[in-house]
Amino acid sequence: IKSEARRRELGGGDLFGDSAWSMLLDLLLAKMEGNMLSVSSACIGSGAPMSTAMRLVRRFVESGAVHKVPDAKDRRRDFLVLDD
C-alpha cells in the first residue's frame, strides 16, 4: 500500500495509480488485521476524487465483493468489509 501511494506521488496521481486496486488493498489489509474500514477512509485511501471513489464503492458493493456494515455508534457512517 505504501509503495502504491509512493508510486502515485512520484507519477503525479492517476497516471501511475490504480484507484480500485488501492482501495482493494486497503480493504484486504483491514480484513487481515481484523478491522473495518470506513467508506470515507477507503475513498481517501484510493487516491481518487471522492465522486470517483464513491462510484468504485458502489460497484464493489453491487458486485458482492464488498459489503457495507452500518456503524452501531454513529448512524451517519458505514464500514466496508471485503467479502471472502
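Start by selecting Arg77 and Asp71: they form a salt bridge, with the closest N and O atoms 2.6 Å apart. A salt bridge here is a side-chain nitrogen of Lys or Arg within 4 Å of a carboxyl oxygen of Asp or Glu. The model is predicted: local features need pLDDT of at least 70, side-chain atom pairs count only at pLDDT 80 or more, and totals for chains, interfaces and linings use all residues. Residues are numbered from 1 along each chain as its sequence is written, and side-chain values use heavy atoms, leaving out hydrogens and water.

Now colour by accessibility. Asp71 is buried, at 5% relative accessible area. Arg77 is partly exposed, at 37%. Buried means under 20% relative accessible area, exposed over 50%, and partly exposed in between (1.4 Å probe, protein chains only).

Next, pick Asp74 and Arg76. Their salt bridge has its closest N and O atoms 3.0 Å apart. Asp74 is partly exposed at 23%; Arg76 is exposed at 77%.

Move to helix α4, residues 50–63. Helices are DSSP runs (H or I, at least four residues), numbered from the N terminus. Select Arg58 and Glu62, whose side chains meet in a salt bridge (3.8 Å, N to O). The two are four residues apart in helix α4, so about one helical turn separates them. Arg58 is partly exposed at 45%, and Glu62 is exposed at 61%. The structure holds four salt bridges.

Stay on helix α4 for Met50. Met50 is partly exposed, at 44% relative accessibility.
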